[in-house]
Amino acid sequence: LLGEMAEVIHLSNKSSPNNKKSLLRVLLSDNDFADVTLVSGDNQHVAAHRAVLGASSPFLRRILFESLQQRTFLYLGQVDSQVVEALVQWLYLGRCEVDRGWMEQLCSLAGQLGVQDLQEATAAVIGRDRKEQHEATAAVIGRDMKEQQEATDDFIVPDMQNPPQDD
């Protein structure tokens, strides 16, 4: 029976993407099987899983492959804990929340770790912020120049070389 030409049946779970997201959400919140600790510059520890980190970042994959210890600690230098937590949220969930003030640091970290989609997302926000800031600055300068011109118009100095003629 098995020697005959067998028909291959493909099975798929239509809710599989949702189930995978749900599983990653559980992994993110449950540190029981975490095998990597990311240590921020402000000495906060963020637990993570070697498989998720390695699959998400070529840089972390190389580091973690070289260190097959049971528990690995990675010190991320001057990176703030909010940025590390945002990075881990992105790697697990494909989204994160971070204060606008940490956006540059998150973009830089994503670039260093080779997390291209996060780097592109943060760079887009930074670009929009810079454009808005530039437009706001230009509007203020324009308003200031107009006010200065109006103030100057109020104080016209008479031309002494050509005094007005009495008719």
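**Exercise 1. Decide whether C107 is buried or exposed in this predicted model.**

Start with the relative accessible area of C107, which is 13%. Buried means under 20%, so C107 is buried. Now try C96 in the same way: its relative accessible area is 24%. Exposed would need over 50%, so C96 counts as partly exposed. One last step for the cysteines is to look for sulfur atoms within 2.5 Å; the count comes to zero disulfides.

**Exercise 2. Find which residues have the most contacts inside the largest nonpolar core, and which elements build this core.**

First, take the core itself: it has 25 residues, and L38, L53, L87, L91, V115 and L118 have the most contacts inside it. Next, list the elements giving two or more residues: strand 1 (36–39), strand 2 (45–48), helix 2 (50–56), helix 3 (58–66), helix 4 (81–93) and helix 5 (103–113). Helix 4 gives the most, with eight residues.

**Exercise 3. Work out where S40 lies and what S40 is in contact with beyond its neighbours within four places in sequence.**

Begin with the chain: S40 sits in the loop between strand 1 and strand 2. Then check accessibility: S40 has a relative accessible area of 0%, so this serine is buried. Now look at side chains, where a polar contact of 2.4 Å joins S40 and D42. To finish, leave aside neighbours within four places in sequence, and S40 is in contact with Y75, G77, V79, D80, S81 and V84.

Conventions: Residues are numbered from 1 along each chain as its sequence is written. This is a predicted model: local features need pLDDT of at least 70, side-chain atom pairs count only at pLDDT 80 or more; totals for chains, interfaces and linings use all residues. Side-chain values use heavy atoms; hydrogens and water are left out. Buried means under 20% relative accessible area, exposed over 50%, partly exposed in between (1.4 Å probe, protein chains only). A nonpolar core is a set of buried Ala, Val, Leu, Ile, Met, Phe, Trp, Tyr and Cys residues joined through side-chain atoms within 4.5 Å. A polar contact is a pair of N or O atoms within 3.5 Å; within protein, one must be able to donate a hydrogen and the other to accept it, and residues adjacent in sequence count only if both atoms are side-chain atoms. Contact means heavy atoms within 4.5 Å.
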